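Good morning, colleagues. I shall take a few minutes to walk through the next structure on our list. Please look at the sequence and the model as I speak.

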Amino acid sequence: MSRIVCFVFFAGLTCLRAISVSAALPVERIQLPPGFRIEVFAEGLEDARSLALGKQGTVFVGTRSEGSVYALVDADRDGKAEKTFTLAKGLNSPNGVAFRNGSLYVAEIGRILRLDDIENRLADPPRPVVITDKFPKDGHHGWKFIA
């Protein structure tokens, strides 16, 4: 089981960087610069790798070996995700995620997908549109990162 951990300004308003960590990691022992703090944002996501932030504050999570893409919603803005939506599964290392103009882009080995109007369709995600499937399909160093 993994946890999404977010480094935030002391005021707790801005998410600066997030990482996936093992549940056994002693978060309280991580040394941070003055004015920063660390808290668990979400738990239960296996192999979380890349994150993207939507316009409405949705945190999109790409995984590497699990083959899933998730959306995390912190509706009450308390720094903890209350809802987790599975947007896609069975993908080939959907490591890279990026959000642009209301769409979520997912980079997996061999292709790039787009899920349109995604923040308004979290509970019923649209079928992904294939942007391209012209990339090599071999897994060796095939992870894609996009922004």
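Where is the place of serine 93? Serine 93 sits in the loop between strand 7 and strand 8; strands here, like helices, are DSSP runs numbered from the N terminus, with at least two residues of type E for a strand and at least four of type H or I for a helix.

Before I go further, a word on provenance. This is a predicted model, in which local features need pLDDT of at least 70 and side-chain atom pairs count only at pLDDT 80 or more, whereas totals for chains, interfaces and linings use all residues. Residues are numbered from 1 along each chain as its sequence is written, and side-chain values use heavy atoms, with hydrogens and water left out.

Let me return to serine 93. Its phi is positive, about 55 degrees, although the residue is not a glycine. Most residues other than glycine have a negative phi. Serine 93 counts as buried, at 8% relative accessibility; buried means under 20% relative accessible area, exposed over 50%, and partly exposed in between, with a 1.4 Å probe and protein chains only. Asparagine 101 also has a positive phi without being a glycine, in this case about 50 degrees. Asparagine 101 is found in the loop between strand 8 and strand 9, and it is exposed, with a relative accessible area of 70%.

I turn now to the overall architecture. The protein has 0 helices and 11 strands. Of its 147 residues, 40% count as buried. The protein exposes about 8,600 Å², of which carbon and sulfur atoms supply 52%; these areas come from the Shrake-Rupley method with a 1.4 Å probe, and for residues only the protein chains shown count as cover. Taking contacts between residues at least 6 apart in sequence, 44% join residues at least 24 apart, where contact means heavy atoms within 4.5 Å.

Next, the sheets. Strands of a sheet pair through backbone hydrogen bonds, either parallel or antiparallel. Strand 4 and strand 5 pair in the antiparallel sense over 5 bridges, and alanine 52 has phenylalanine 60 in strand 5 as its bridge partner.

Another open sheet has 4 strands in the order 8-9-10-11, and its pairing is antiparallel. Its edges are strand 8 and strand 11 (129–132), each with a single partner strand, so one side of each is left without a neighbour in the sheet. The twist averages 25 degrees from one strand to the next. Strand 8 and strand 9 run antiparallel and are joined by 5 bridges. Valine 97 stands opposite valine 106 in strand 9.

What, then, makes up the largest nonpolar core? This core has 17 residues, and those with the most contacts inside it are Phe60, Val69, Leu87, Leu104, Val106, Ile118 and Leu122. A nonpolar core is a set of buried Ala, Val, Leu, Ile, Met, Phe, Trp, Tyr and Cys residues joined through side-chain atoms within 4.5 Å. The elements giving two or more residues to it are strand 6 (69–73), strand 7 (83–88), strand 8 (96–100), strand 9 (103–108) and strand 10 (111–115). A second, separate core has 8 residues, including Ala42, Val59, Val61 and Leu72.

Leaving aside neighbours within four places in sequence, its contacts include Val69, Leu91, Pro94, Val97 and Ile146.

How many aromatic pairs does a search of the whole structure find? The search finds 1. Phenylalanine 60 and phenylalanine 99 are stacked, at 5.7 Å centre to centre and 10 degrees between the planes. Rings of Phe, Tyr and Trp (its six-membered ring) pair if their centres lie within 6.5 Å, and planes under 30 degrees apart count as stacked, over 60 as edge-to-face and the rest as tilted. The pair links distant parts of the chain, with phenylalanine 60 in strand 5 (residues 59–63) and phenylalanine 99 in strand 8, 39 residues apart.

How values were computed. Pairing = 2+ DSSP bridges. Axes fitted to C-alpha atoms, helices over the stretch in contact; angles between N-to-C directions.
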